[in-house]
Every structure is written in C-alpha cells, then in structure tokens.
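Subject: Structure handover

Hello,

Here is the structure you will be working with. Please look it over first, then read the notes below it.

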Amino acid sequence: MTSPLTHFDAQGQAHMVDVGGKPATRRVAVATGRISMRPATRALIESGTAKKGDALGIARIAGIMAAKKTSDLIPLCHPLALSRVAVEFGIDDAGVACTATVETTGPTGVEMEALTAVQVALLTLYDMCKAADRAMVIGGVRLLEKHGGKSGRYVADAAQEHP
C-alpha cells in the first residue's frame with residue numbers, strides 16, 4: 001500500500017521527492033493568516049509610529065525574504081527560482097490580515113513558500129509591536145489557493161477551515 005505522504009519512501013524513511021521528471025509549469029500559491037491585537041496596537045501599526053518603525057513595511061520585506069529562504073527552513077522543500085512574491089496586509093478592528101502570493105515556473109509548487117511568507121510576516125509584526133502588546137495572537141494561517149502542476153487547481157472553501 002502506497003502512502004499519500006509523498007515525503008516517505010516504501011520503507012517509511014523520509015526523503016526529498018524526485019521532481020526531475022516533472023514538466024515545468026507555471027505555479028501560483030496564495031496563503032493567508034492574521035494577527036489579532038489590542039486596538040491601541042493596531043493604531044500604532046496604522047500610523048506607522050511603532051517604536052521600531054514602519055511595522056508593515058518591515059513585515060512585507062521579511063515575508064518576501066522568508067519565501068525565498070523556505071528550502072533553508074523546511075528540510076525537504078526544493079530550492080526554487082521564484083518569479084514573484086507579493087505580501088499584502090489588511091487592517092481591521094481585530095488586527096492585521098496578511099496574504100502572500102508566490103509564483104514560479106518549475107516542476108514543483110510554491111505552497112510552502114506562500115505559507116512561510118505569511119508566517120514570517122506575522123511573526124515580524126509581533127516582534128515589531130511586542131513592546132506595546134505581548135498578548136497578540138497569530139492564527140488562521142492556511143492555503144487559500146494554488147494553481148499549476150499535476151493536481152491542478154485548489155481553492156479553499158470557507159467550510160474547510162479548521163479551528
């Protein structure tokens with residue numbers, strides 16, 4: 001019986017998936033997550049007056065850098081030549097939402113790069129604002145959609161969100 005977990009061989013040993021024979025196709029992944037915080041902390045971010053500076057600008061750069069370094073952080077990820085990384089933020093009453101879009105043309109997808117970009121961007125916001133609010137909570141990080149490759153298109157359904 002073959003395991004649906006592709007990073008294990010027939011003996012159950014972890015291995016890097018061989019993507020050498022797969023065709024290079026355009027791959028896109030979009031991930032999201034959010035950080036909840038006190039209204040006063042959100043106001044610091046919105047105004048750009050957080051003690052460490054422009055929190056959203058720094059977090060955007062951190063997310064982009066993290067996407068580029070994903071294979072250094074996740075042991076079995078392939079290093080990829082990314083053609084685009086975009087990190088965007090939305091501020092609302094509860095905090096800040098982050099969305100990362102990552103693209104490449106290659107033999108494997110960019111889901112991990114998009115998820116890593118979101119996580120690191122949100123962790124950077126925490127770091128930038130922790131002096132004002134140590135009770136911030138990061139959550140809801142998930143893949144929203146992916147396109148390309150053998151498995152084709154995936155778009156998350158709101159009902160699929162796990163608690």
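Strand 1 (25-36) and strand 3 (95-106) run antiparallel and are joined by 12 bridges. Strands here are DSSP runs of E with at least two residues, helices are runs of H or I with at least four residues, and both are numbered from the N terminus. Two strands count as paired if DSSP finds at least two bridges between them. In general, strands of a sheet pair through backbone hydrogen bonds, either parallel or antiparallel.

This is a predicted model, in which local features need pLDDT of at least 70 and side-chain atom pairs count only at pLDDT 80 or more, while totals for chains, interfaces and linings use all residues. Residues are numbered from 1 along each chain as its sequence is written, and side-chain values use heavy atoms, with hydrogens and water left out.

Strand 2 and strand 3 form a hairpin, with 2 residues between them.

The whole sheet is open, has 5 strands in the order 2-3-1-4-5, and pairs antiparallel. Its edge strands are strand 2 and strand 5 (154-155), each of which pairs on one side only. Axes are lines fitted to C-alpha atoms, for helices over the stretch in contact, and angles run from 0 to 180 degrees between N-to-C directions. Helix 1 (39-47) lies across strand 2 and strand 3, at about 130° to strand 2.

Is strand 3 enclosed or open to the outside? It is largely enclosed by the rest of the structure, because 9 of its 12 residues are buried. Buried means under 20% relative accessible area, exposed means over 50%, and partly exposed lies in between (1.4 Å probe, protein chains only).

The overall fold

The protein has 4 helices and 5 strands. Along the sequence they follow the pattern β-α-α-α-β-β-α-β-β. Of the 163 residues, 35% are buried. Among contacts (heavy atoms within 4.5 Å) with a separation of 6 or more, 68% are between residues 24 or more positions apart.

The core

Which residues touch the most other members of the largest nonpolar core? They are Ile35, Ile45, Val87, Phe89, Val96, Cys98 and Leu125, out of 27 residues. A nonpolar core is a set of buried Ala, Val, Leu, Ile, Met, Phe, Trp, Tyr and Cys residues joined through side-chain atoms within 4.5 Å. The largest share, 8 residues, comes from helix 4.

Val96 has contacts with residues including Ile35, Met37, Ile45, Phe89, Leu122 and Leu125, leaving aside residues up to four places away in sequence.

Helix 4 has 19 residues and reaches 28 Å from its first C-alpha to its last, close to the 27 Å expected at 1.5 Å a residue. The expected span is 1.5 Å times one less than the number of residues. Its buried residues include Ala114, Val118, Ala121, Leu122 and Leu125.

Helix 2 has 14 residues and reaches 20 Å, close to the expected 20 Å. Its buried residues are Ala55, Leu56, Gly57, Ala59, Ala62, Gly63, Ala66 and Ala67. They pack against helix 1, helix 3 (70-73), strand 2, strand 3 and helix 4.

Met37 and the cysteines

Met37 sits in the loop between strand 1 and helix 1 and counts as buried, because its relative accessibility is 10%. Met37 and Met136 are 99 residues apart in sequence, but their C-alpha atoms are 4.7 Å apart in space. Besides Met136, Met37 touches residues including Arg42, Ala94 and Asp133.

Cys98 is buried at 0% relative accessibility, and Cys129 is buried at 2%. How many disulfides are there? The count is 0, a disulfide being a pair of cysteine sulfur atoms within 2.5 Å.

Regards
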